[in-house]
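Here are my notes on the model you sent. Please read them with the structure open.

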Amino acid sequence: KLGEERNRQEVANPNDKKPEFYSNSEWQQDREYMLGMNLFVQGEVLYNLKQRNESIPVLEEALSYTKSKEGEVNELYSKVLVENGNYSKAMNVIGDFIKMGSGTEKMKDYLQEAYLNEIGNTDGFNTFLSKYEDAGRQKLIDKLKREIILQPAPDFTLVDLQGKEVSLADFKGKT
């Protein structure tokens, strides 16, 4: 609780000095992320104390501050939803995590459990899962395409261990 209070204060009205290498928005995001992780730990403690219903709003707030990008946070939230019988919500939430590329292998088990309890059987589960996995895979491909650098590397020459000069151009077209 003390960590949460400190993090909330730091998000709202920072006492710490902004590091020079951070932009203002990066610094704000970093402080919010730390609050999210603190809330995750709090949610985990509540879960371990068998206070699963109380952990849900805490974990939901943790998700908002971590932007649902932390697999551990996403996984615990998924687990709590399924264990509390919120199968329909769990199916949507877990599917979205997988689609975003922030799911975990264990979450597929939670998704299958939610699917079984919501639908009544696992017929069609693999098709259901694959639509989320395909979307996640496509998102990753699109991200890689945006980030790929299509410029040739500058040519350079170095001396190898035998004292022979080797240049990058010597390896053009070779794997």
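1. Basis. This is a predicted model, in which local features need pLDDT of at least 70, side-chain atom pairs count only at pLDDT 80 or more, and totals for chains, interfaces and linings use all residues. Residues are numbered from 1 along each chain as its sequence is written, and side-chain values use heavy atoms, with hydrogens and water left out.

2. Asn 7. Asn 7 sits in helix α1 (residues 2–12); helices are DSSP runs of H or I, at least four residues, numbered from the N terminus. Asn 7 counts as buried because its relative accessibility is 16% (buried means under 20% relative accessible area, 1.4 Å probe, protein chains only). Beyond its neighbours within four places in sequence, Asn 7 is in contact with Met 34, Leu 35 and Asn 38 (contact: heavy atoms within 4.5 Å).

3. Helices α5 and α7. Helix α5 (residues 87–100) packs on helix α7 (residues 125–147) at about 30 degrees, with axes 6 Å apart. Axes are lines fitted to C-alpha atoms over the stretch in contact, and angles run from 0 to 180 degrees between N-to-C directions. Contact residues include Met 91 and Ile 98 of α5, and Phe 128 and Leu 129 of α7.

4. Helix α3. The buried residues of α3 are Ser 55, Ile 56, Val 58, Leu 59, Ala 62, Leu 63 and Thr 66. These buried residues pack against α2 (24–48), α4 (71–83) and α5. Just after α3, Lys 67 has a positive phi of about 60 degrees.

Notes: Helix = DSSP H or I, 4+ residues; strand = E, 2+ residues; numbered from the N terminus. Buried < 20%, exposed > 50% of the residue type's maximum accessible area, 1.4 Å probe, protein only.
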